[in-house]
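Notebook open, structure loaded. I want to see what the surface looks like and go from there.

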Amino acid sequence: MEQEELRLPIKQEGMTRPAEGNIASGLVWGILISIPLWISVIGWVMGFWR
């Protein structure tokens with residue numbers, strides 16, 4: 001019983017740590033990808049009004 005209780009928190013920590021890393025890396029990649037997209041949208045709108 002004691003060994004099983006000690007193993008459960010280790011598995012939960014292992015499950016939560018990669019998820020936090022994936023969220024952080026996803027936000028970074030999302031920002032890096034969105035910057036050129038916003039620049040292209042702004043350029044298209046400026047070209048459309050001129």
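This is a predicted model: local features need pLDDT of at least 70, side-chain atom pairs count only at pLDDT 80 or more; totals for chains, interfaces and linings use all residues.

Surface first. I looked for nonpolar patches and found one of about 1000 Å², made by Trp 38, Val 41, Ile 42, Trp 44, Val 45, Met 46, Phe 48 and Trp 49.

Next I picked Val 45, one of the patch residues. I find Val 45 in helix 1, which spans residues 2–49.

Then I checked the fold as a whole. The protein chain has 1 helix and 0 strands. I also asked what share of the 50 residues counts as buried. The figure came back as 0%. The accessible surface of the chain is about 5100 Å², and carbon and sulfur atoms account for 71% of that.

How many aromatic pairs does a search of the whole structure find? I got 1. The partners are Trp 44 and Phe 48, and their rings are stacked, with 5.6 Å centre to centre and 20° between the planes. Both residues sit in helix 1, 4 residues apart, or about one turn of the helix.

Trp 44 has a relative accessible area of 60%, so I put it down as exposed. Phe 48 comes to 58%, so Phe 48 goes down as exposed as well. Both names are already on my patch list.

Technical notes: Residues are numbered from 1 along each chain as its sequence is written. Side-chain values use heavy atoms; hydrogens and water are left out. Patches are made of residues with over 30% relative accessible area and no salt bridge: like charges are joined within 9 Å, nonpolar side chains (Val, Leu, Ile, Met, Phe, Trp, Tyr) within 5 Å. Accessible areas come from the Shrake-Rupley method with a 1.4 Å probe; for residues, only the protein chains shown count as cover. A salt bridge is a side-chain nitrogen of Lys or Arg within 4 Å of a carboxyl oxygen of Asp or Glu. Helices (H or I, at least four residues) and strands (E, at least two) are DSSP runs, numbered from the N terminus. Buried means under 20% relative accessible area, exposed over 50%, partly exposed in between (1.4 Å probe, protein chains only). Rings of Phe, Tyr and Trp (its six-membered ring) pair if their centres lie within 6.5 Å; planes under 30 degrees apart count as stacked, over 60 as edge-to-face and the rest as tilted.
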